[in-house]
Amino acid sequence: MELSNRQEQIIQIVKDNGPITGENIAERLELTRATLRPDLAILTMAGYLDARPRVGYFFTGKTGSELFTEKLKKFKVWEYQSLPVVVEEDVSAYDAICAMFLEDVGTLFVTNNKSHLVGVLSRKDLLRTSIGSKDLTSVPVHMIMTRMPNITICEPEDLLLDAAQKLIEKQIDGLPVVNPVEDGLEVVGRLTKTNITKALVELARDQHI
Ligand code: ADP
């Protein structure tokens, strides 16, 4: 979102005269301090200006793209992850296909009887199995999934950018978000390319706040 004319004016005043009090900025614009308050709050929250008590506002010198990057680098996986869709390792390829359609996801996570992650099942894994003339109801997913320890994972506190890097490097669509437990990994979320696209769009739209 673009800055308003008044916000651009405020930035220019602070650039030229900072540190400067809110009162002084208001005087220069022939406005009241109260009228200016929302603009000053927006510019401070967005990182263009900084305020020190008893000193006033000063210009941080950061460009829009620097601020964008700074924020993007702080995003955590847990802020953007979706709910995981999980099937047990003994369910059939047929049931996995149904789950994929019903839940509207492209990747299923496979767990054992302790609910620990044992595999990942993608669309292509199921297509590959379907191409053969096998009876899909008699093929358990543990026979066709990508299995541990070859699963690329992430944790809720990981940086979104690091998770995005893994998706690119491994050329996959999604990662299970896991919490390590005593003897395995508990699946707590799903992080996909869609989640990362959402984060980017949200950041670009809210850039001024
Ligand atoms: P698609 O099958 O739609 O191309 P992917 O590119 O995500 O989806 O999957 C490609 C292959 O990588 C599949 O065999 C799948 O089992 C495997 N795979 C998917 N996600 C992961 C992951 N997080 N870790 C390891 N392997 C994965």
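This is a predicted model: local features need pLDDT of at least 70, side-chain atom pairs count only at pLDDT 80 or more; totals for chains, interfaces and linings use all residues.
Visitor: Which domains does the assignment give?
Guide: The domain assignment lists domain 1 (5–62) and domain 2 (77–199), with bounds that come from an automatic or database domain assignment. The C-alpha centres of domain 1 and domain 2 are 49 Å apart.

Visitor: How do H1 and H3 pack?
Guide: Helix H1 (residues 5–17) packs with helix H3 (residues 33–45) at an angle of about 75°, and their axes are 10 Å apart; helices here are DSSP runs of H or I with at least four residues, strands are runs of E with at least two, and both are numbered from the N terminus. Axes are lines fitted to C-alpha atoms, for helices over the stretch in contact, and angles run from 0 to 180 degrees between N-to-C directions.

Visitor: And which residues make that contact?
Guide: From H1 come Arg 6, Gln 7, Ile 10 and Ile 11, and from H3 come Thr 35, Leu 36, Asp 39, Leu 40, Ile 42 and Leu 43, where contact means heavy atoms within 4.5 Å.

Visitor: Switching to strands, how do E1 and E2 run?
Guide: Strand E1 (residues 49–52) and strand E2 (residues 56–59) run antiparallel and are joined by four bridges; two strands pair if DSSP finds at least two bridges between them. Asp 50 stands opposite Phe 58 in E2, and the hairpin has three residues between its strands, with Arg 54 in the turn at a positive phi of about 65°.

Visitor: What about the four-strand sheet, what is its order?
Guide: The order is E3-E4-E5-E6, in an open sheet with mixed pairing. Strand E3 (86–88) and strand E6 (146–147) are the edge strands, each pairing on one side only. E3 pairs with strand E4 (residues 107–111) in the parallel sense over three bridges, and Val 86 has Phe 109 of E4 as its bridge partner.

Visitor: Last one: is Thr 152 buried or exposed?
Guide: Thr 152, in the loop between E6 and helix H8 (160–170), counts as buried because its relative accessibility is 16%; buried means under 20% relative accessible area, exposed over 50%, and partly exposed in between, with a 1.4 Å probe and protein chains only.

Note on methods: Residues are numbered from 1 along each chain as its sequence is written. Side-chain values use heavy atoms; hydrogens and water are left out.
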